[in-house]
Amino acid sequence: MLSRLFAPKVKVSAHCDLPCGVYDPAQARIEAESVKAVQEKYQANEDPHFRARAVVIKEQRAELAKHHVSVLWSDYFKAPHFEKYPELNQLVNDTLKALSAAKASTDPKTGEKALELIAEIDRIFWETKKA
């Protein structure tokens with residue numbers, strides 16, 4: 001009797017976590033742009049309190065960028081995408097590694113490298129949306 005009481009009334013299913021069309025590499029790009037901007041501000045400021053806050057913010061933004069790239073890889077890109085773009089797995093891995101490097105560094109060059117790789121993911125993403 002209890003199992004019937006707590007049984008779901010409606011069964012639903014979906015092929016993705018959210019309705020199609022909500023994925024966008026722009027989320028990762030915006031966070032990575034923040035990482036690079038904070039790295040630049042860090043380099044231009046000698047105040048130790050400012051620098052400490054900058055490091056915290058940079059690390060948070062890098063982690064958010066990694067999250068957005070990971071979501072694209074695990075939830076958006078499907079087998080046909082990987083077949084058409086065999087470099088995609090390596091590209092995502094390289095992007096996540098670049099974001100980790102930017103998270104650990106105050107050198108804006110690491111932020112720029114992450115942005116370049118995200119731009120390539122963005123290009124592939126929008127090509128898949130046209131198909």
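Is lysine 66 buried or exposed? Lysine 66 is buried, with a relative accessible area of 19% (buried means under 20%, exposed over 50%, partly exposed in between, using a 1.4 Å probe and protein chains only).

Before you go on, note that this is a predicted model, where local features need pLDDT of at least 70, side-chain atom pairs count only at pLDDT 80 or more, and totals for chains, interfaces and linings use all residues. Residues are numbered from 1 along each chain as its sequence is written, and side-chain values use heavy atoms, leaving out hydrogens and water.

**The whole chain.** Colour by secondary structure and you will find six helices and zero strands (DSSP runs, H or I of at least four residues for helices, E of at least two for strands, numbered from the N terminus). Of the 131 residues, 34% count as buried.

**Helix α3.** Select glutamate 63 together with lysine 66: their side chains meet in a salt bridge at 4.0 Å, N to O (a side-chain nitrogen of Lys or Arg within 4 Å of a carboxyl oxygen of Asp or Glu). Both lie in helix α3, three residues apart. Glutamate 63 is partly exposed at 37%.

**Across to helix α2.** Next, pick arginine 61 and glutamate 31, whose closest N and O atoms are 3.6 Å apart in another salt bridge. This pair links distant parts of the chain, helix α3 (residues 48-76) and helix α2 (residues 26-43). Arginine 61 is partly exposed at 31%, while glutamate 31 is buried at 14%.

**Within helix α2.** Finish on glutamate 40 and lysine 36, a salt bridge of 3.5 Å, four residues apart in helix α2.
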